[in-house]
Amino acid sequence: MRTLDGRYRLEQRIGIGGMSEVWRAHDLVLDRSVAVKLISPGQDRDGSVERIRAEARAAARLVHPNVASVHDFGTCTTGPDRRTPYIVMELAEGETLAAHLRAGPLDWRIATRVCAEVCGALAAAHAHGIVHRDVKPANVILTPAGVKVLDFGIAIPSGTPDPLPDGMVVGTPAYLAPEQLDRAPATPAADMYALGVLLYYCLTARLPYPAGTTTQLFGVRRRQEPDPLPEIAGLPPEVAELCRRCLADDPAERPTSLVAALLLAEAVDARVYVPMRLPSVPRPRRAAVRPWTEQAAEEVTEVAPGRP
């Protein structure tokens, strides 16, 4: 088995993407299981090692019960005169939301609770101007202790232009906000659009757009509005309305992550952890809210349009 820096023994690859792969590993110093995200060869050029180091540092300051925390950063040798960065993260034990949704839609109560906790994680990041940019079922783990949102290790400050070549966008096509298709700088409203798609998918087990391929999806997204939610027995109308507002073309019409977290928690009498250093907003009567005060972090995923 390969060991990084004499400390992290890679045991099993558990995920792979366009710019990285994730391994289950064992920390030989602290004797615990961790997740190690290795940046793919070719993605570590143009000074990105220092950029990823800075982003990992910011991510390590984010302490929130619904965020998989970052433990460490390092580089490993992958060729002559080449050091590839890696990020060591909390290993969230459980199944992805994507795996659960293969069996069909979730009960509306479970879907609402899951999305409330996802919103709590987003509110933590948005409170410090950080946009996740890849909210999707594969980045949400359902654990015995609750939801964990992954991939906050390489995000971006709100309003920052994408440092990518022309023709590339950041995120997963089905979850991109309309303004992201035009390569506008990402803002928290873009994450809320993705949250709307996520909530829709949890409730129906399908996307709010009729498309069989990524190419068709981009065409449909530019021609028509999302399908309205079908009738779902017992679903509170305020949850359906929130989903509709999240999918609005105009970013200004979408709710904030804080408002969405509180509304969704209210609908199922759940607890949600939100930042306390935010402007005051109307707060639901029954939602139990626990404040926290830690710093937030960054994470990014890249996907080229037209790529399946």
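**Exercise 1. An annotated position**

At which residue does UniProt place the feature "binding site"? Find the element that holds this residue in the predicted model, and decide whether Lys 37 is buried or exposed.

*Solution.* Start from the record: the UniProt entry, which is unreviewed, places the feature "binding site" at Lys 37. Next, locate Lys 37 in the predicted model, where the residue lies in strand β4, which covers residues 32-39. Finally, turn to accessibility: the relative value for Lys 37 is 2%, and since buried means under 20% relative accessible area, Lys 37 counts as buried.

**Exercise 2. Two loop residues**

Determine where Pro 228 and Asn 139 lie, and classify each of them by its accessibility.

*Solution.* Take Pro 228 to begin with, which lies in the loop between α6 (214-223) and α7 (237-246). Its relative accessible area is 67%, and because exposed means over 50%, Pro 228 is exposed.

Then take Asn 139, which is found in the loop between β8 (130-131) and β9 (140-143). Asn 139 has a relative accessible area of 7% and is therefore buried. To see what surrounds Asn 139, set aside its neighbours within four places in sequence; the residues in contact with Asn 139 are then His 132, Asp 134, Lys 148, Val 149, Leu 150 and Asp 151.

**Exercise 3. The cysteines**

*Solution.* The structure holds zero disulfides. For Cys 202, the closest cysteine sulfur is that of Cys 115, at 4.3 Å; a disulfide requires the pair of sulfur atoms to be within 2.5 Å, so this pair is too far apart for a bond.

**Exercise 4. The packing of helix α8**

Describe how α8 packs against α3 and against α7, and state how many of the residues of α8 are buried.

*Solution.* Consider α3 (residues 108-126) and α8 (residues 257-267), which pack at an angle of about 155 degrees with their axes 8 Å apart. Angles over 145 degrees count as roughly antiparallel, so α3 and α8 are roughly antiparallel to each other. The crossing in which α3 passes α8 is left-handed. Among the α3 residues that meet α8 are Trp 108, Cys 115, Cys 119 and His 126, while the α8 side includes Ser 257, Leu 258, Ala 261 and Ala 265.

Now consider α7 and α8, whose packing angle is about 155 degrees and whose axes are 9 Å apart. That angle makes α7 roughly antiparallel to α8, and the crossing of α7 and α8 is left-handed. Glu 238, Val 239 and Leu 242 of α7 make the contact with Ala 260, Leu 263, Leu 264 and Ala 267 of α8.

To complete the picture, count the covered positions: ten of the eleven residues in α8 are buried, which leaves the helix mostly covered. Leu 262 and Glu 266 are among these buried residues. Beyond the helix comes Asp 269, whose phi is positive, near 50 degrees.

Technical notes. Residues are numbered from 1 along each chain as its sequence is written. This is a predicted model: local features need pLDDT of at least 70, side-chain atom pairs count only at pLDDT 80 or more; totals for chains, interfaces and linings use all residues. Side-chain values use heavy atoms; hydrogens and water are left out. Helices (H or I, at least four residues) and strands (E, at least two) are DSSP runs, numbered from the N terminus. Buried means under 20% relative accessible area, exposed over 50%, partly exposed in between (1.4 Å probe, protein chains only). UniProt positions are given in the numbering used here, feature names are shortened, and annotations may be inferred rather than shown by experiment. Contact means heavy atoms within 4.5 Å. Axes are lines fitted to C-alpha atoms, for helices over the stretch in contact, and angles run from 0 to 180 degrees between N-to-C directions. Angles under 35 degrees count as roughly parallel, over 145 as roughly antiparallel, 65 to 115 as roughly perpendicular and the rest as oblique. A crossing is left-handed if the near helix is turned anticlockwise from the far one by less than a right angle, and right-handed if clockwise.
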